Amino acid sequence: MRRACEGSGRDGGVLFRGSNVEELHELISTRFAPHRMRVRDGHGLDGRFRCVHEGAVGLYELGYGADVDVTPAGPLDFYNVHIPLAGDGALTVDGRRLSCALSVVGPGQTVSMGWNQDSVNRILILPRAAVDQALADRIGEPPRGPLSFEPVLQSRAAPVRAWLDLVRQFAAFTDSGLAARSPLAKGHFEQLLLQGLLDVQPHTYSGAAAGRGTAAVPRAVRRAQEFCAENAHEPISVADMARAAGVGVRSLREGFRRHLQTTPLAYLRDVRLNGVRRDLTAVAEGRAPGNVTDVALRWGFTHLGRFTGHYRAAYGETPSQTVRNGRRSG
């Protein structure tokens, strides 16, 4: 629940350890954001709050040592990743109960949390300005609104597991003597965490941003990207994309090759795969009816074998595994 990390560079400090509810509440409200905290059943607090790193991103470890309910006073204005290390908890984001506590929420979203006495969370904080800048580098212009991530991180997906390993490595790095001696390496590590999350976790700009590098994108290519984002669920073609962009098919292909290192058809497929993953997650969590075949056909994938291969390459698991894993974690 942190507002932003302002580059203090402080690492490794224990900010709180003890039973004083008011002290911990004031500390989190001051350093993170105003919130309400209720200790259930009148049990005593046995909390610990540690600063692992503060810089362009922030990394903290927090455990309450009691069953607590926590609700920020208003919508967030930063990105907050909860990575459970021990115990259990439940989050509700924008009125939706998440299937697991491993999650990311961001600006404009409302969240409430409940943690049991054994819970300990690693909390990664990404200021909105840092995410906006990384996104602008990818799509060639400032985003028109805050990026929203799919809130549940699928820990069984290989790319997500690799990113979580990176967070663990960063925590170990900041605790080492090397981190204090190499601020440049620390800065590179921060960018790895930020850019990696944009690559592994579906979000509202995935079609425009996923793995596309940082080259400025010309207007015609951006128009084609926007057309894909708005019409990927329709039976559109590369010729349709070119017409929307106001250029010929050959020019569009050259623009995508030069500026996005892909083809228009591959780009459209990636946008549709992102749509498939969102829909399969909704099916797994019981928020939508259907099965893998229904969702694949809805997004224009008629050859299920090739579809499964593309999906596995993108997300490290098959579509059926996404559904099974989502149901199991729920």
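The pLDDT is the predictor's confidence in each residue, on a scale from 0 to 100. The structure described here is a predicted model, and its chain has a mean pLDDT of 86. A value of 70 or more is reached by 92% of the residues.

**Confidence along the chain**

- Residues 1-10 have a pLDDT below 50, and this stretch makes 39 contacts in the model beyond near neighbours in sequence.
- Over residues 210-216 the pLDDT likewise stays under 50. The model gives this stretch 16 contacts beyond four places in sequence.

**The largest pocket**

- The largest pocket holds about 540 Å³ of space.
- It is lined by 28 residues, of which Thr-204, Tyr-205, Ser-206, Gly-207 and Ala-229 are the closest to its centre.
- Three helices each contribute at least two residues to the lining of the largest pocket: H6 (206-209), H7 (219-231) and H10 (264-284).
- Helix H7 provides the largest share of this lining, with 5 residues.
- Sorted by class, the lining of the largest pocket comprises 13 nonpolar, 8 polar and 7 charged residues.

**Aromatic pairs**

- The model contains 10 aromatic pairs.
- One of these joins Phe-32 and Phe-49 in an edge-to-face arrangement, with 5.3 Å from centre to centre and 85° between the planes.
- This pair connects distant parts of the chain, 17 residues apart. Phe-32 sits in the loop between helix H1 (21-31) and strand E2 (35-39), whereas Phe-49 belongs to strand E3 (residues 47-54).
- Phe-32 has a relative accessible area of 1% and is therefore buried, since buried means under 20%.
- Phe-49 is buried as well, because its relative accessible area is 0%.
- Phe-49 also pairs with Tyr-60: the ring centres lie 5.6 Å apart and the planes meet at 35°, so this pair is tilted.
- Because Phe-49 lies in strand E3 and Tyr-60 in strand E4 (residues 58-63), the pair ties together parts that are 11 residues apart in sequence.
- Tyr-60 counts as buried because its relative accessibility is 0%.
- Elsewhere, ring pairs link Phe-301, Phe-307, Tyr-311 and Tyr-315 into a cluster.

Note on methods
Residues numbered from 1 in each chain as written. Predicted model: local features only at pLDDT ≥ 70, side-chain atom pairs only at ≥ 80, totals over all residues. Heavy atoms only, no water. Contact = heavy atoms within 4.5 Å. 1 Å grid on protein atoms, 1.4 Å probe; cavity = no way out; pocket = protein on both sides within 12 Å on 5 of 7 lines; lining within 4 Å. Points joined across faces, edges and corners; volume = space filled by probe spheres on them. Helix = DSSP H or I, 4+ residues; strand = E, 2+ residues; numbered from the N terminus. Nonpolar A, V, L, I, M, F, W, Y, C, P; charged D, E, K, R; others polar. Phe/Tyr/Trp six-rings, centres within 6.5 Å; stacked < 30°, edge-to-face > 60°. Buried < 20%, exposed > 50% of the residue type's maximum accessible area, 1.4 Å probe, protein only.
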